[in-house]
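Let's take a friendly walk through this model, one contact surface after another. Please have the structure open as you read.

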Amino acid sequence: MSKSDKPFLAAISSLAAIYLLLIVLMLVADAIYGFRAVPFSSDDPDKASLVKIFTDKAVINSIKLTLFSCTVSAILSLIVAVPTGYLLSRYNFPGKLLVDAILDIPIVLPPLVVGLSLLLLFNKMPPGGTSFEDMLNSLGIEITFNVAAVIIAQFSVACAFSVRTMRNTFDQISPRTEQVAQTLGCSRARAFFSVVIPESWRGISTAGTLAWTRSMGEFGPILVFAGTIPNKTEVLSSTVFLEITTGSLETAVIVSLMMVTIAVVVLVGVRMWDRKNEGGLYHG
Amino acid sequence: MVRIENLTVRAGEFEITDVNFEIPEGKYGVLMGKTGCGKTTILEAVCGLKNVTGGKIFVSDRDVTNELPGRRGIGFVPQDGSLFTTKTVRKHLAFSPKVRGWKSDAIAKRVDELAAELGLTDLLDRKPHGLSGGERQRVALGRALAVKPAVLCLDEPLSALDEDTHAEMVELLKRVTAENGITVLHITHSRREAELVGDLQFRIEDGRVIGV
């Protein structure tokens, strides 16, 4: 590195360091506050302890529902995002710009508005008659203020991020390889499954991870559309909210730290798995 | 044999009209033209990757103008090879036979045959990112030749190669196509390259193809 490059490198590193420090300090603040305020165990029935938090039935159910709903909404997001991203990347059609803009709405809409819109869609539509919720209820399916609402709320937002990721992934893969596959005897569908999908594996795994972690962080739409009913629709983000509203800041912090840990484990786990499957110069 | 009759095809902003040329059975034809003159578009139309607005394309006297790319009996080698990044050389060579439902022992035999012919035997378990430019082009060539197509379409196959590899590849192309009795449509911007490999030469000038 030449001497004249040093100020430039120092400047960009400092800016990166400021943001990095902010993130790390936020987590450090959580950890210091949480572990000072909450002992491992306590005989005082009114005092929160780690043992008490992690043996609490509502918290355990909240963890279970979080893991379940995030996995389902991530899978649903991929099922929609892979074909949608491919369509946007490879085909031109009338109204494509509008479709592209609509797909970004869940990203830019305030989260509470997403929840409110879902609530109205299921309970007030079609106008003046039997609502979708009523129709589903008559078939024995309940959505609003149920687990299904948690998943739909998470999916509505997470899927938009997955679609963006998949579109960028397909944009970076040359259509030439699919065309070659077609000259070799593949239909468009077979070229997609045997050539495009393997080449976009990394993007798919990023889109899935993003959808999963995004779903875990989702709160606004869940609050409005699914509620925060303990042992029914309570997920970890609602647990944090409930604990804050009841003044139990220390429990909220411990649950938050657990969410951070889960997110980090998922992110690191998927990256490691990706790297392992990437292979070297051989095999595949 | 490849015969193009009154072909009209749109290439971005402009249209190439009234393209006529024929490459007889087993001959090596080279289509020359400046960058951006539409030669790749003509090649794509021949391979079935671009819709034509008029005219006909014949392969071995069969009208393939409206056939699917995989049913034209044409092998395609794109400019950069466009190898499948996740597949080994072996899987590239086996790709088309497998898609067309060949039995596994027939596939294995063909892969060994092609690997020996193109000097790829030691590279069979390698993936594309471990290959040199010349090796990549040989894999792309092998992949296109695997089901013994009647016609081979080559899009600037030598443009990214260094001088030594270029000379080797020229020899290889001439030998392999002659041995297989295959008809070739090779496009290039280089007159020197056209003279080195071609039995017949055509040139695109002002949106028209003329014989040289």
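**Between the chains**

Please keep in mind that this is a predicted model. Chain A brings 21 residues into contact with 30 residues of chain B. Putting the two chains together buries about 2200 Å², and carbon and sulfur atoms give 57% of that area.

Two salt bridges are found across the interface of chain A and chain B. In one between these chains, Arg176(A) pairs with Asp155(B), and the closest N and O atoms are 3.8 Å apart. Eight residue pairs are in polar contact between chain A and chain B, with both residues at pLDDT 80 or more.

Which elements of chain A give two or more residues to the side that touches chain B? They are α8 (175–183) and α9 (188–199) of chain A. Of the elements on that side, α8(A) gives the most, with seven residues. Sorted by class, the side of chain A that touches chain B holds eight nonpolar, nine polar and four charged residues.

**Between the domains of chain A**

The domain assignment divides chain A into domain 1 (1–37) and domain 2 (40–277). Their C-alpha centres lie 29 Å apart, and the contact takes seven residues from domain 1 of chain A and eight residues from domain 2 of chain A.

About 650 Å² is buried between domain 1 and domain 2 of chain A, of which carbon and sulfur atoms give 77%. In domain 1 of chain A, the residues that lose the most area to domain 2 are Asp30(A), Tyr33(A) and Ala37(A), which together make up 56% of what that side buries. The side of domain 1 that touches domain 2 of chain A has five nonpolar residues, one polar and one charged.

Here are the two interfaces in one view:

| Interface | Buried area | Share from carbon and sulfur | Salt bridges | Residue pairs in polar contact (both at pLDDT 80 or more) |
|---|---|---|---|---|
| Chain A and chain B | about 2200 Å² | 57% | two salt bridges | eight residue pairs |
| Domain 1 and domain 2 of chain A | about 650 Å² | 77% | zero salt bridges | one residue pair |

**A look at Leu136(A)**

Leu136(A) sits in helix α6 (residues 132–138) of chain A. Is Leu136(A) buried, partly exposed or exposed? Its relative accessible area is 22%, so Leu136(A) counts as partly exposed, since buried means under 20%.

Beyond its neighbours within four places in sequence, Leu136(A) is in contact with Phe122(A), Ile141(A) and Ile143(A). Leu136(A) and Phe122(A) are 14 residues apart in sequence, and their C-alpha atoms are 9.5 Å apart in space.

Definitions and conventions
Residues numbered from 1 in each chain as written. Chains lettered and ligands numbered in written order. Predicted model: local features only at pLDDT ≥ 70, side-chain atom pairs only at ≥ 80, totals over all residues. Heavy atoms only, no water. Contact = heavy atoms within 4.5 Å. Buried area = accessible area lost by both parts, 1.4 Å probe. Salt bridge = Lys/Arg side-chain N within 4 Å of Asp/Glu carboxyl O. Polar contact = N/O pair within 3.5 Å; in protein donor to acceptor, adjacent residues only side chain to side chain. Helix = DSSP H or I, 4+ residues; strand = E, 2+ residues; numbered from the N terminus. Nonpolar A, V, L, I, M, F, W, Y, C, P; charged D, E, K, R; others polar. Buried < 20%, exposed > 50% of the residue type's maximum accessible area, 1.4 Å probe, protein only. Domains from an automatic or database assignment.
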